[in-house]
Amino acid sequence: MGFLSKLFGKHEEEKAAAAPQVSVQEAAAQNSIPPEKVGLDGKFDESGLAKRVAKALDDANISDHVGLWVAQTGSVVVLKYNPDAEGVLAQAKQVATSVEGATDVQTVPNT
């Protein structure tokens with residue numbers, strides 16, 4: 001199980017596996033939706049950016065066995081973490097920053 005399944009369910013992992021590579025900018029323009037709302041399949045998804053970041057973390061082989069969660073506020077990715085995730089936080093932030101549609105990445109300790 002990776003971040004995508006852990007955070008959003010097995011269905012999203014299956015959707016990601018079945019969907020071809022999506023150009024976020026093209027999908028946003030074709031469907032008249034903001035880039036941060038483009039889902040794994042190129043269609044509207046309220047949590048599209050967060051799901052694409054979760055998939056990118058999986059693709060980067062970042063361990064999901066730490067307390068790290070992905071959310072979004074508009075086009076800002078929010079990485080909420082427990083102390084055990086501090087070792088992967090810098091890499092996770094770098095991965096999240098590179099996801100198309102992300103304008104910023106915030107890290108927030110889970111208190």
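Modeller: Start with a definition: the expected span of a helix is 1.5 Å times one less than its number of residues. Keep in mind that this is a predicted model.

Colleague: What span should helix 5 have, and how far apart are its end C-alpha atoms?

Modeller: Helix 5 covers residues 86–97, which is 12 residues. At 1.5 Å a residue, helix 5 should span 16 Å. Its end C-alpha atoms are 17 Å apart, which agrees.

Colleague: Which residues of helix 5 are buried?

Modeller: First the general idea. An α-helix has 3.6 residues a turn, so residues three or four places apart point the same way. Now the case here. Val88, Leu89, Ala92, Val95 and Ala96 are buried in helix 5. Seen down the helix axis, the buried residues of helix 5 fall within an arc of 135 degrees, so they line one face. Ala90 and Gln94, on the other side of helix 5, are exposed.

Colleague: What do the buried residues of helix 5 pack against?

Modeller: They pack against helix 4, strand 1, strand 2 and strand 3. Strand 3 is residues 104–109.

Colleague: Do strand 1 and strand 2 run parallel or antiparallel, and how many bridges join them?

Modeller: Strand 1 and strand 2 run antiparallel, joined by 6 bridges. Follow the pairs across. Leucine 68 stands opposite tyrosine 81 in strand 2. Tryptophan 69 stands opposite lysine 80 in strand 2. Threonine 73 has valine 76 in strand 2 as its bridge partner.

Colleague: And how do strand 2 and strand 3 run, parallel or antiparallel?

Modeller: Strand 2 and strand 3 run parallel, and 6 bridges join them.

Colleague: Which residues of strand 1 are on its covered face?

Modeller: The covered face of strand 1 has Leu68, Val70 and Gln72. Its uncovered face has Trp69, Ala71 and Thr73. Strand 2 is mostly covered, with 5 of its 6 residues buried.

Colleague: Which helices touch the sheet?

Colleague: How many residues lie between the strands of the hairpin?

Modeller: Strand 1 and strand 2 form a hairpin with 2 residues between them. Glycine 74 in this turn has a positive phi of about 65 degrees. Serine 75 is also in the loop between strand 1 and strand 2.

Colleague: Is serine 75 buried or exposed?

Modeller: Buried means under 20% relative accessible area. Serine 75 has 17%, so serine 75 is buried. Leaving aside neighbours within four places in sequence, serine 75 is in contact with Glu36, Leu49, Gly101, Ala102, Thr103 and Asp104. A polar contact of 2.6 Å joins the side chains of serine 75 and threonine 103.

Colleague: What should I look for in phi values?

Modeller: Most residues other than glycine have a negative phi. Look at two cases here. Serine 32 has a positive phi, near 50 degrees. Asparagine 61 has a positive phi too, near 60 degrees.

Colleague: Where are serine 32 and asparagine 61 found?

Modeller: Serine 32 is in the loop between helix 3 and helix 4. Asparagine 61 lies in the loop between helix 4 and strand 1.

Colleague: Are serine 32 and asparagine 61 buried or exposed?

Modeller: Exposed means over 50% relative accessible area. Serine 32 has 67%, so serine 32 counts as exposed. Asparagine 61, at 68%, counts as exposed too.

How values were computed:
Residues numbered from 1 in each chain as written. Predicted model: local features only at pLDDT ≥ 70, side-chain atom pairs only at ≥ 80, totals over all residues. Heavy atoms only, no water. Helix = DSSP H or I, 4+ residues; strand = E, 2+ residues; numbered from the N terminus. Buried < 20%, exposed > 50% of the residue type's maximum accessible area, 1.4 Å probe, protein only. Polar contact = N/O pair within 3.5 Å; in protein donor to acceptor, adjacent residues only side chain to side chain. Contact = heavy atoms within 4.5 Å. Arc of directions from axis to C-beta. Pairing = 2+ DSSP bridges.
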